[in-house]
Amino acid sequence: MKKNRLDARMIAIMGLLIALMVTLSRLVSIETPFVKISVTFIPQMIMGILFGPFWSGIGGVLADLVGMALFSKTAFFIGFTLNAFIEGAIYGFFFYRKEITWKNSLLATLSVTLIINLLLTPLWLAMMYHVPLFSWIVWAPRLLKTVVWIPIQTIAMYYVGRSIPYKKILRSMTLYAK
């Protein structure tokens, strides 16, 4: 398989994962103006395992744009699209062609939590809703979610990642691309 080149089969797999991300993010999530609980990280992690940082980031952007076009709940804000790219890139960085370990699962979860959930998202929310960046309205629910969600997400990523026959899928994608 040539690097950074997608064939029809890989595009179809990515399309299914994007559709799953849109469904989980927009229709099967708990959402308030300042915090969102969703299991979108699972298809995004699978995308990271199969496609690497760049294409996982692109898949995250496409999922965000399709979700906004079909199921918009608020006004479009480019910062969240940037978040989607960075999150996909993080999962690709930690899982692409690597063993799924507790360490990788925890480090990926912590990276997404620190960069996206605790740094960028509060900044975007403060800009969108014109609330002070260090307001308890922004931070109280976010910190509570973080404390509860880190172990849940780490455990889910480890077990889901270990249950996917990703080596076989990557091997078949490599053979198919030749």
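1. Helices α2 and α5 (residues 136-163) pack with their axes 10 Å apart and at an angle of about 45°, which makes α2 oblique to α5, the class left over once angles under 35 degrees (roughly parallel), over 145 (roughly antiparallel) and 65 to 115 (roughly perpendicular) are set aside. The crossing of this pair is right-handed.

2. This is a predicted model, in which local features need pLDDT of at least 70 and side-chain atom pairs count only at pLDDT 80 or more, while totals for chains, interfaces and linings use all residues. Residues are numbered from 1 along each chain as its sequence is written, and side-chain values use heavy atoms, with hydrogens and water left out.

3. On the α2 side, the contact with α5 (heavy atoms within 4.5 Å) is made by Phe41, Ile42, Met45 and Ile49, and α5 contributes Trp149, Gln153, Ala156, Met157, Val160 and Gly161. These residues divide into eight nonpolar, two polar and no charged, with Gly counted as polar.

4. The axes of α2 (residues 41-71) and α3 (residues 78-95) come within 7 Å and cross at roughly 170°, which makes α2 roughly antiparallel to α3. The residues of this contact divide into 15 nonpolar, nine polar and two charged.

Methods. Axes fitted to C-alpha atoms, helices over the stretch in contact; angles between N-to-C directions. Helix = DSSP H or I, 4+ residues; strand = E, 2+ residues; numbered from the N terminus. Left-handed = near helix turned anticlockwise from the far one by under 90°.
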